[in-house]
Structures are given as structure tokens and as C-alpha cells.
Amino acid sequence: VEAQHGTHLDVSNRLAIRPDIVIRDRSSARTIRLVADTKYKLTEELGNVGDHQQLLAYTTVLGLAEGVLIYCQRPAEKPS
């Protein structure tokens, strides 16, 4: 598990991005298996378009088919 993995969105390495969490393969530390983006905000609308676009950028750059968005939970809410 690696926090704040540094990479770039573009081939010119001008647009830096830092996914919150990447999980690498045990047998090959170079292989990233999962990317996750954490959101430290309370919102009525989970998974807004901007959050999904950010995760899409991460998965695209890292060559992954999917990723995970992680939101905080309000104290009175039941887990969904």
C-alpha cells in the first residue's frame, strides 16, 4: 500500500497527480493493482461528477479498469 503515489497526467510530465492510495502486487512492486481516492467531505451527493472524473484520470493513467472512491460517513448514518 502506498499513500500519495506521485505520477503525471500527461506525457510531458507537466500535470502532476497524486492518487491517495495505490495497492501494488506483492510479487511485483512495479504492478499497481488498485487505486483509491479518499474524500474528506460531508456531502448529500455521494459520487459527484468531479469525484468520478478525478478517479477516471487516475485509473486511466495507471492503466486500471476500475478504482474506488472512499467517502467519510456521518456519525448518525448506517453503512450502505
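A: Start with one pair of side chains. The side chain of Asp37 makes a polar contact with the side chain of Lys39, at 2.8 Å. Keep in mind that this is a predicted model.

Q: Where is Asp37 found?

A: First place a residue in its element. Asp37 sits in strand 5, which covers residues 32-39.

Q: Is Asp37 buried or exposed?

A: Look at the relative accessible area. Under 20% is called buried. Asp37 has 2%, so Asp37 is buried.

Q: Which residues is Asp37 in contact with, leaving aside its neighbours within four places in sequence?

A: Go through them in sequence order. Asp37 is in contact with Asp20, Gln54, Leu55, Tyr58, Val68, Leu69 and Ile70.

Q: How many salt bridges does the count come to?

A: Look for a side-chain nitrogen of Lys or Arg within 4 Å of a carboxyl oxygen of Asp or Glu. The count here comes to 3 salt bridges.

Q: Which salt bridges does Lys39 form?

A: Take the partners in turn. Lys39 forms a salt bridge with Asp37, and their closest N and O atoms are 2.8 Å apart. Lys39 also forms a salt bridge with Asp51, where the closest N and O atoms are 3.6 Å apart.

Q: Which residues do salt bridges with shared partners join into one network?

A: Asp37, Lys39 and Asp51 are joined into one network. Check the burial of each member too. Lys39 has 12% relative accessibility, so Lys39 counts as buried. Asp51 is buried as well, because its relative accessible area is 4%. Asp37, at 2%, is also buried.

Q: Which residue forms a salt bridge with Asp25?

A: Check the charged partner. Arg33 forms a salt bridge with Asp25, and the closest N and O atoms are 2.6 Å apart. Compare the burial of the two ends. Asp25 is buried, because its relative accessible area is 17%. Arg33 counts as exposed, because its relative accessibility is 52%.

Q: Where is the place of Asp25?

A: Find the elements on each side. Asp25 is in the loop between strand 4 (21-24) and strand 5 (32-39).

Q: What polar contacts does the side chain of Asp25 make?

A: List the side-chain partners. One is the side chain of Ser27, at 2.7 Å. Another is the side chain of Arg33, at 2.6 Å. Now set aside residues up to four places away in sequence. Asp25 then touches Thr31 and Arg33.

Q: Which residues make up the largest nonpolar core?

A: The largest core has 8 residues: Ile17, Val22, Ile32, Val35, Leu55, Tyr58, Leu62 and Leu64. Next, ask which elements supply them. Strand 5 and helix 1 (49-62) are the elements that give two or more residues to this core. Helix 1 gives the most, with 3 residues.

Q: What is Ile17 in contact with, leaving aside its neighbours within four places in sequence?

A: Pick one core member and trace its partners. Ile17 is in contact with His5, Gly6, Thr7, His8, Leu9, Tyr58 and Val61.

Q: What do the totals for the chain say?

A: Buried residues make up 26% of the 80 residues. The chain exposes about 6,000 Å², and carbon and sulfur atoms supply 53% of that. Among contacts with a separation of 6 or more, 38% link residues 24 or more positions apart.

Q: Where is the place of Gln73?

A: Gln73 is in the segment after strand 6 (68-71). Gln73 is partly exposed, because its relative accessible area is 43%. Gln73 and Tyr40 are 33 residues apart along the chain, and their C-alpha atoms are separated by 9.4 Å.

Q: How do I read the confidence scores?

A: Where pLDDT is low, the predicted coordinates should not be read in detail. The chain averages a pLDDT of 81, and 81% of the residues score at least 70. Among the elements, strand 1 (residues 2-3) has the lowest mean pLDDT, 70, and helix 1 the highest, 90.

Methods: Residues numbered from 1 in each chain as written. Heavy atoms only, no water. Helix = DSSP H or I, 4+ residues; strand = E, 2+ residues; numbered from the N terminus. Polar contact = N/O pair within 3.5 Å; in protein donor to acceptor, adjacent residues only side chain to side chain. Contact = heavy atoms within 4.5 Å. Core = buried A, V, L, I, M, F, W, Y, C linked by side-chain atoms within 4.5 Å. Buried < 20%, exposed > 50% of the residue type's maximum accessible area, 1.4 Å probe, protein only. pLDDT = per-residue confidence, 0-100. Areas by Shrake-Rupley, 256 points an atom, 1.4 Å probe, with all protein chains shown as cover.
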